[in-house]
Amino acid sequence: MTPATWDGAPGDAAAISKKIDEQLANDGKALEKIIKLLLLGPAESGKSTVLKQIRIIHLNGFTAGDLGEQRPLVFKNVTDAVTELWKAVQLLNYTVLLETKAMMPGLLEELKTINFVICDTFPASPYAKIKQMWNDPAMKMAYDHRSNTNVMDSTKFFLDAIDRISAPSGYTPTVADVLHLRQVTIGVSEMQYTYKDLEFRIFDVGGQKTERRKWIHVFDNVTALFFIAAISEYDQYLSEEDASASLTNMKVKEVEGRRALTRLDDALFLFRWIGNNDLFTKVQIILFLNKKDIFAEKISKIPLTVCFSSYKEKNDYKNATEYIQKRFEAQIRNKNKMIYTHLTCATDTDQVQFLLNSVTDMIIAENFKQTGVI
Ligand SMILES: Nc1nc2c(ncn2[C@@H]2O[C@H](COP(=O)(O)OP(=O)(O)OP(=O)(O)O)[C@@H](O)[C@H]2O)c(=O)[nH]1
Ligand SMILES: [Mg+2]
């Protein structure tokens, strides 16, 4: 296979960018072209987070008004975090402090009665209780062992920020808060922007199983697609029902002799389907192996063999991520097809912004090459 990773080195990026600028200055024909991009991948992999980063880079980001509108959603993420963490503690059978045990039923009831949509500030009574609960070591332990619970990755981010979120003087979400928000995408959302005088349309879809059947509606005339997979999900098991649906839908017979499938297996099957789809023969594929920050924490504690029994290398970040990258790229039957793979943390604005600019320049350059403009 052709070298699979374009390393996005600053030197390459600058050279490509310069060439595109010169080309655009010389050739008005190119300006007619609309570049269509897709964000595909399983649920919770980080697609909408990448879309938010694109909004920050190309559409001036979020105004104070936009940020203010996200306040109820932050409050909801906090209450969901509390509810799911409490369920996880029980599921994992952890012993909590007596004060926590006595307080929790009242806190959960209280949270149900508050209409957060009309709250400008987070109410003082649940705030004090949430703070107390989050100080209980059993809660932190449940967060660390959340893999097979419904505890969201952003739980720690929001509960660590509970003082700021609950400030009596008022709270306006920050851009970092918005990037950490979890809101399931239903249907397809589209964003349009201009870059280097070219018009871009990017589509974000929902990754949940029931949403995937809607993807086909955006599959025509695609220039490039971003496939986002959360590599941190290698130890998160699918339910038996989801596992068997995944095997059937993706026409996979068996996975390394295991019956239990992880969410990373599901991402691999999905990538195989997308990467070998006839509609995408000429489409550039950019693979984001996302949530590298969570993966880095996990890999020191949980071996990669829980997902890939044939993995023989050292259980460290470098070896494990290289192996995962190879597993993804091996899904593509056409060995001449370039897959541009990057390890990403979609919530890290600096990293993603640099990467997206370089990748976009690469997409334009490739597209010009294919259409014979360069
Ligand atoms: N720590 C960390 N969190 C991330 C990263 N990428 C995304 N997240 C968080 O993961 C959660 C899910 O991200 P989304 O962007 O909503 O996922 P999605 O792929 O759009 O999910 P669906 O809409 O259900 O398909 C959010 O809380 C994000 O803030 C990452 O690289 N690291
Ligand atoms: Mg989404």
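pLDDT is the predictor's confidence in each residue, on a scale from 0 to 100. In this predicted model, local features need pLDDT of at least 70 and side-chain atom pairs count only at pLDDT 80 or more, while totals for chains, interfaces and linings use all residues. Residues are numbered from 1 along each chain as its sequence is written, and chains are lettered from A and ligands numbered from 1 in the order in which they are written.

**Confidence**

- The protein has a mean pLDDT of 88, with 87% of its residues at 70 or more.
- For the complex, the predictor gives an ipTM of 1.00 and a pTM of 0.89.

**Annotated binding site**

- An unreviewed UniProt entry carries the annotation "binding site" for Ser 48 and Thr 185; UniProt positions are given in the numbering used here, feature names are shortened, and annotations may be inferred rather than shown by experiment.
- These positions span 138 residues in sequence, but no two of their C-alpha atoms are more than 7.6 Å apart, so they gather at one spot.
- Ser 48 is part of helix H2 (residues 47–58), where helices (H or I, at least four residues) and strands (E, at least two) are DSSP runs numbered from the N terminus.
- Ser 48 counts as buried because it has 23 C-beta neighbours inside 10 Å; the cut-offs are 20 or more other C-beta atoms within 10 Å for buried, 12 or fewer for exposed, and partly exposed in between, with C-beta atoms placed from the backbone.
- Leaving out residues up to four places away in sequence, Ser 48 touches Thr 185 and Asp 204.
- Thr 185 sits in the loop between helix H10 (175–180) and strand S2 (188–195), and is partly exposed, with 17 other C-beta atoms within 10 Å.

**Shell around ligand 1**

- Gly 46, Ser 48, Thr 185, Gly 207 and Ala 346 come nearest among the 27 residues around ligand 1; a residue is near a molecule if its C-beta atom, placed from the backbone, lies within 6 Å of it.
- H2, H10 and helix H13 (292–299) each supply at least two residues of this shell, and H2 gives the most, with three.
- Domain 1 (10–62 + 183–370) and domain 2 (71–172) both contribute residues to the shell, so ligand 1 lies between them; the domain bounds come from an automatic or database domain assignment.

Definitions and conventions
Two residues are in contact if their C-beta atoms, placed from the backbone, lie within 7 Å.
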